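Subject: Handover of a structure, with notes

Dear colleague,

Please find below the structure that I am handing over to you.

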Amino acid sequence: MLQRDRSQLERLVIRIANFTSKPRVNTAWYSFVVFFFVLLVLLPTIFVLGYVILEFTAIQNSVFSNQEIQSQILSALFYSISVSIIVSIFDLIFGLPIAWTLVRKEFRFKSLLNSFIELPLAVPTAGLGFSVALFWGVTPGVESPIFAVQFIRNALPMLILFHFTTTFPYVVRSLTAILEEIDVTLEVAARTCGASKFTAARTVTLPMFRSGVATAMVLSLAKSLSDTGGVVVLLSTIGSAARTGTTLISDWKRAHQDPEMIPFEGIPYDSLLPSMAFLAAIMIGIAITLVFVAKIIAKKAQLPFRKVYPSFEWAVSEGKAPQMRQIIAFGFLILFVIIPSFFLVAYLIQGASLAALASANWELFGQSIFMTVLVASVATVVNVVLGVPMAILIARKSHTFSRFLDALVDIPYVVPSSALGFSVGLFWAFQPVIPVNELFFVIMAHISMTFPFIVRNTVGGLEELDTAYEDVARTLGAKPMQTFREITFPVIKFSIIAGAIMSFTRSVGETGATLAVSPTSTTAPVFIVNLIKIDQNYFLAALTTIILILISSMLIFTLRASISRAKRK
Amino acid sequence: MPNVDITKLGKKFGRVVALSGVDLEIKDGEYLAILGPSGCGKTTLVNCLTGIVDITEGKIKIDGKNVEGIPIEKRDFAMVFQNIALFPHMTVAENITYAPFVNDISPSELKKVESEMLKLVDLLEQKDLYPRALSGGAQQKTAVARALATREKLLILDEPISALDYKVRVTLRYAIRKLVKELGLTAIHITHDQEEACSVADRIVILRAGEIVEIGTPQELYSSPQTLFTLNFLGESNFLEGVITEITSDGWIHISFRNNQSIGLLDDNVDFEEGESVVVAFRPENAFISKKSTENSLIGDITGKQFIGGYFRYTIILRTDDEILLDSQLDLGSQGNVFIQLNPKEARIFRAPIYGLKKVLTLE
């Protein structure tokens with residue numbers, strides 16, 4: 001079954017490749033890809049920046065004259081910025097030793113631990129928010145399962161714990177990926193010079209690892225700034241009224257569409273749209289600045305590489321110290337990432353209630369699951385078809401233009417999802433050509449949001465593949481597209497699949513972008529948010545989360561299995 | 001003073017035996033080369049010495065001290081790596097002073113070591129460059145200087161110059177040997193290049209499939225090797241399979257080959273018996289070729305001629321159906337009938353190996 005599917009996919013690729021072999025079609029195709037990226041992915045993402053400039057008078061009149069709006073924005077920004085910075089620092093402090101151990105050490109449960117770390121990635125953030133809140137928080141409306149810590153009442157520590165759980169797996173994954181590239185011999189060479197293990201790691205590997213650290217920081221910052229659904233669920237479960245930048249946008253958007261909520265906390269209807277635009281623009285600005293600063297810090301920071309502290313470093317390299325370090329790091333991982341992620345399973349087992357199931361809106365439940373899968377699938381397929389050529393353009397055609405594209409591709413990735421959704425919604429409402437169709441807009445927002453995953457992964461795969469193989473094929477008389485089909489594609493298809501998995505799971509879990517495009521489109525994560533925030537039907541929310549986890553992990557599992565089978569051949 | 005004593009060393013990776021029964025003593029101040037084809041266990045041997053891998057059985061003593069369980073950084077040796085392994089984010093000077101730096105010596109001492117080492121390998125002008133800006137030769141000199149700056153008396157060189165151009169290799173190998181001798185170090189030099197091994201080493205260890213085949217000075221191994229493998233691996237050789245037909249009282253051994261070809265050779269080995277199967281081995285330079293008929297010679301046809309520089313190398317198919325290579329300063333044309341007289345003392349007779357000649361000569 002799977003076998004046939006794959007060959008069909010390959011046949012499709014072959015057909016596309018053959019057709020595009022013709023030079024004129026080739027040029028037209030690449031032009032279309034660039035056109036699509038610039039006009040339909042990138043422009044909608046940052047459209048709000050233009051809107052802010054055009055409508056600046058409206059913003060002045062509403063935002064700058066309304067104390068309430070200003071205080072809401074300031075409070076939201078305080079949470080967003082402080083949480084993302086603190087979380088990214090924690091991510092690095094604990095991520096480095098864990099990534100190190102996973103790459104450089106051999107131990108018994110290594111492969112188990114490797115898959116453990118990825119597990120939380122399959123949990124939609126809305127469900128994660130509920131799970132984390134249950135574990136750590138004092139939850140007035142819900143009875144938490146036994147073993148719950150039930151300790152946190154305030155929004156700030158809660159947000160930090162939650163974002164740590166969501167970002168940590170990403171950070172560890174990106175750190176291990178880059179660490180694997182660094183030659184172990186260098187550390188051995190350092191040790192033959194008499195450096196202790198710790199000194200060798202700190203003075204030799206770590207400085208070469210700076211770009212990896214920067215990438216991980218960017219990932220962590222972008223993700224903590226971005227999360228919406230998880231935050232809404234998290235804070236409403238512990239009964240906090242605090243808002244982050246992204247949840248403020250989605251609350252305002254909801255009010256904007258629902259006349260009953262007007263005036264929203266003292267904000268008149270006419271002020272809502274300019275305020276949202278203003279906040280979204282600020283969020284985008286902050287995200288891009290933070291990313292830029294993180295990159296500079298990682299590149300320029302003069303960590304004390306040219307100094308040694310022999311007695312201290314020998315002490316932490318010998319005897320029981322390395323083992324202790326590992327135990328602490330992994331204990332930390334289990335306590336702060338794994339258990340909070342899956343704590344909702346305990347709730348599901350303990351709190352099974354027929355009443356909750358009976359009162360549920362099953363039709364909406366089914367619809368939301370269907371819509372989630374539909375949106376994620378369409379977005380992923382479009383991304384694969386257009387993202388792979390984009391990656392080729394970046395990795396294989398070396399002119400200034402492709403370097404420029406290379407820099408632009410990451411933008412949708414760092415823009416907070418609510419701001420992105422709002423901007424995309426604004427763009428599609430603004431353009432006169434296509435009539436308003438909310439499903440279409442939601443899909444477009446998801447495409448913008450997940451496009452970088454496919455491109456980045458494919459570029460990574462292409463860079464691994466030595467161009468010499470392609471050149472050899474060309475000297476043997478293969479046409480460019482034949483070369484792609486027979487040499488390049490078989491090698492990079494695993495990277496494409498990995499990108500597709502990331503794109504699909506991200507789309508399945510996404511709340512903020514969907515809500516900000518259209519508050520009425522109920523995808524499953526939005527359904528979960530509503531169940532918790534409005535209906536207080538926690539049990540059904542947990543159940544929906546589990547179903548989403550199953551859908552994502554089934555997809556991941558089948559693709560993984562087919563990859564490993566293909567690799568074994 | 002460093003001497004290395006290896007007894008019954010064995011190393012297994014799972015069920016794969018990488019080394020077995022290695023006994024080796026390296027004397028203080030000796031330059032020892034470990035030579036063998038790729039996959040013979042050279043690198044594993046070094047990794048056992050340095051502590052990069054744990055040994056499965058046997059003992060390694062450096063300076064009379066058993067090194068088992070001692071981590072890499074506490075063993076007393078300096079090392080130059082096959083892939084050079086310079087730290088890419090440090091300059092030449094920073095690379096060279098890495099060992100004193102991690103041992104936290106005072107800045108003025110550090111400067112002293114730096115200038116001394118830079119002078120030693122002649123890299124003063126390039127001291128502020130990063131490794132990527134250096135030529136291959138300069139990179140390797142930096143790596144050698146970095147190792148020497150540890151002040152250890154035992155230097156391990158793992159294929160230190162294999163990746164460089166021929167001319168650079170030749171210059172560097174003399175430079176390295178000179179340094180080792182001047183500084184009174186003990187050196188273990190791993191290589192797969194027999195010419196390199198012969199030109200640098202006091203003694204050579206020939207390793208094959210995880211076991212030591214032979215140990216000796218370069219001259220001993222070249223001119224009187226005890227095994228067919230060494231003869232084949234070190235330099236070039238021709239092999240003819242035959243049977244002893246007669247041993248005379250004055251030491252002549254008569255051997256007959258395929259197609260009724262036969263010759264007589266002199267050999268001190270008195271163990272041979274008449275009727276025994278043997279292999280006659282001789283190097284291309286140890287035979288005399290002539291167009292005229294000579295006594296006690298093999299007959300063949302020239303099928304190829306190459307000018308090597310100073311002499312010609314002929315490919316000849318003997319009447320015995322064997323193809324051999326012979327060197328001569330005479331221009332004998334590129335075809336025609338020739339007579340080949342083996343130097344009766346330089347041609348060597350070995351007992352025919354039980355599993356066949358091919359098996360013994362293969363490199364793995």
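The notes below set out what was found.

**Confidence**

Please bear in mind that this is a predicted model. Its scores are ipTM 0.81 and pTM 0.79. For chain B the mean pLDDT is 90, with 99% of the residues at 70 or more. Within chain B, helix H10 (residues 357–361) has the lowest confidence, with a mean of 85, whereas strand S3 (residues 31–35) has the highest, at 95.

**Chain B as a whole**

Chain B contains ten helices and 20 strands. Its C-alpha trace spans about 80 × 45 × 35 Å along the principal axes. Of its 364 residues, 40% count as buried. If one takes the contacts in chain B between residues at least 6 apart in sequence, 65% of them join residues at least 24 apart.

**Where the two chains meet**

Between the chains, 17 residues of chain A are in contact with 20 residues of chain B. On the chain B side, strand S6 (78–80) and helix H3 (98–102) each supply at least two residues. H3(B) gives the largest share of that side, namely four residues. Sorted by class, the side of chain B that touches chain A has twelve nonpolar, five polar and three charged residues.

Two packed helices are described by the angle between their axes and the distance between the axes. Two pairs in chain A may be read in this way.

In one pair, the axes of helix H4 (residues 67–104) of chain A and helix H7 (residues 155–179) of chain A come within 7 Å and cross at roughly 40 degrees. H4(A) is therefore oblique to H7(A). Their crossing is right-handed. The residues of this contact comprise 21 nonpolar, four polar and one charged.

In another pair, H2(A) packs against helix H21 (residues 438–464) of chain A at an angle of about 95 degrees, with the axes 9 Å apart. H2(A) is therefore roughly perpendicular to H21(A). H2(A) contributes A:Leu40, A:Val41, A:Pro44 and A:Thr45 to the contact, and H21(A) contributes A:Met444, A:Ile447, A:Ser448 and A:Phe451. By class, these residues divide into six nonpolar, two polar and no charged.

**A closer look at A:Thr45**

A:Thr45 lies in helix H2 (residues 23–54) of chain A. Is A:Thr45 buried or exposed? A residue is buried if 20 or more other C-beta atoms lie within 10 Å of its own; A:Thr45 has 26 within 10 Å, so A:Thr45 is buried. Leaving aside neighbours within four places in sequence, A:Thr45 is in contact with residues including A:Ile411, A:Pro412, A:Val415 and A:Ser448. A:Thr45 and A:Phe441 are 396 residues apart in sequence, but their C-alpha atoms are 12 Å apart in space.

**An enclosed helix in chain A**

Helix H25 (residues 524–535) of chain A is largely enclosed by the rest of the structure, because nine of its twelve residues are buried. Among the buried residues of H25(A) are A:Phe527, A:Asn530 and A:Ile532. Just after H25(A), A:Gln536 takes a positive phi of about 55 degrees.

**Helix packing in chain B**

Helix H4 (residues 107–121) and helix H5 (residues 136–148) of chain B have axes 10 Å apart and pack at an angle of about 135 degrees. H4(B) is therefore oblique to H5(B). The crossing of H4(B) and H5(B) is right-handed. B:Met117, B:Leu120 and B:Val121 of H4(B) meet B:Lys141, B:Val144, B:Ala145 and B:Leu148 of H5(B). This contact of H4(B) with H5(B) has six nonpolar, no polar and one charged residues.

**Two loop residues in chain B**

B:Arg151 lies in the loop between H5 and strand S7 (154–158) of chain B. Its phi is near 65 degrees, a positive value in a residue other than glycine. B:Arg151 is partly exposed, with 13 other C-beta atoms within 10 Å.

B:Asn259 is found in the loop between strand S12 (252–256) and strand S13 (262–266) of chain B. The phi of B:Asn259 is near 55 degrees, again a positive value in a residue other than glycine. B:Asn259 has 10 C-beta neighbours inside 10 Å, so B:Asn259 counts as exposed.

With kind regards

Definitions and conventions:
Residues are numbered from 1 along each chain as its sequence is written. Chains are lettered from A and ligands numbered from 1 in the order in which they are written. This is a predicted model: local features need pLDDT of at least 70, side-chain atom pairs count only at pLDDT 80 or more; totals for chains, interfaces and linings use all residues. Axes are lines fitted to C-alpha atoms, for helices over the stretch in contact, and angles run from 0 to 180 degrees between N-to-C directions. Angles under 35 degrees count as roughly parallel, over 145 as roughly antiparallel, 65 to 115 as roughly perpendicular and the rest as oblique. A crossing is left-handed if the near helix is turned anticlockwise from the far one by less than a right angle, and right-handed if clockwise. Ala, Val, Leu, Ile, Met, Phe, Trp, Tyr, Cys and Pro count as nonpolar, Asp, Glu, Lys and Arg as charged, and the others, Gly among them, as polar. Two residues are in contact if their C-beta atoms, placed from the backbone, lie within 7 Å. pLDDT is the predictor's confidence in each residue, from 0 to 100.
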